Amino acid sequence: MKHPFWKIFVWTLGLSALIILLFRIYQSFTKNEFISSLQLLSSSENLLCLSLILFLMPVNWMIESWKWYQVSILVERINFQTAIHSVFVGLSYGHLLPGRSSEFLGKILFFSEKNKPGIIVLHFVNAAFQMYITTFFGLFFLLFYFNSNNISHEHFMIILILGILIFLILSLLLLYADKLNFLKKFLSPIEYQMSPALKAKLILWSVVRYIVFIIQFYFAFLIFNPHQHFNLHFISQISLYFILTSIIPMISIIEVAIR
């Protein structure tokens, strides 16, 4: 039976996450900027773009929930609805710390005490698959962007070296995702088997989710620039944004600069 103070702690942490999220949203708009944003939606074209962005949001998170469901049942049998709840609560808790590093605190609430260590490990394993795709496409389009623009050699090399190191580390992690035996010394017990077929599915769904992200960004750009073209140049810039915001742990104010 859980200690009553545990429920108080969970609710306090959840409310804190909500307050932080609302405060960050409030900081994102001054009164004039909010009114200007509303004026942008006066045209039917921009309203359609916003509608498509909003439509793709649940698509995006359903894909992530399905990935999490496929991964989490390796440790504990849950239904898809519970996986959805776990993902969304984890998303809320993720605002507590930079880089959404606190996301797992919300996810583990839906699993039994004995399986929490394994779920924590699987949370980071699951995230590694999405990061793998982000890094792969980021490096690919970095080379494309470097050839198309006069980017400084020093900046290019720093990003390239960081990207390659992360890509190699993630490749090893994905290859041996079910053989993280060294973690048993710190998080015991963790027992699960991840088949090659499951790994292939997670990579495929990570690619699909990555495409959804890019399409959402495209519709967002169309609202501010109706002449924005969906071409390799645009995709390369968005891919660079993704890899920068992924490999550099950051707080919201730094992410604004990257955007």
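**Aromatic pairs and cores**

Modeller: A search of the whole structure, which is a predicted model, finds 18 aromatic pairs.

Biologist: How are the rings of Phe140 and Phe141 placed relative to each other?

Modeller: In general, the distance of the centres and the angle of the planes describe a pair of aromatic rings. For Phe140 and Phe141, the ring centres are 5.1 Å apart and the planes meet at 85°, so this pair is edge-to-face.

Biologist: Is Phe141 buried or exposed?

Modeller: Phe141 has a relative accessible area of 8%; because the cut-off for burial is under 20%, Phe141 counts as buried.

Biologist: Which residues form an aromatic cluster?

Modeller: One such cluster consists of Phe136, Phe137, Tyr210, Phe213, Phe217, Tyr241 and Phe242. Charged groups also meet rings: Lys107 lies over the face of Trp68, 4.2 Å from the ring centre, and the charged end of Arg209 sits over the ring of Trp61, at 4.7 Å from its centre.

Biologist: Which residues have the most contacts inside the largest nonpolar core?

Modeller: In soluble globular proteins, nonpolar side chains tend to be buried together. Here the largest nonpolar core has 31 residues, and Ile214, Phe219, Ile238 and Phe242 have the most contacts inside it. At least two residues of this core come from each of α3 (44-72), α6 (116-148), α7 (153-175), α8 (196-224) and α9 (232-247). Another core, of 19 residues, lies apart from it and includes Val71, Ile120, Met194 and Leu198.

Biologist: With which residues is Ile238 in contact, leaving aside its neighbours within four places in sequence?

Modeller: Beyond those neighbours, Ile238 is in contact with Ile214, Phe217 and Phe221.

Terms used
Residues numbered from 1 in each chain as written. Predicted model: local features only at pLDDT ≥ 70, side-chain atom pairs only at ≥ 80, totals over all residues. Heavy atoms only, no water. Core = buried A, V, L, I, M, F, W, Y, C linked by side-chain atoms within 4.5 Å. Buried < 20%, exposed > 50% of the residue type's maximum accessible area, 1.4 Å probe, protein only. Helix = DSSP H or I, 4+ residues; strand = E, 2+ residues; numbered from the N terminus. Contact = heavy atoms within 4.5 Å. Phe/Tyr/Trp six-rings, centres within 6.5 Å; stacked < 30°, edge-to-face > 60°. Lys NZ or Arg CZ within 6 Å of the ring centre and 35° of its normal.
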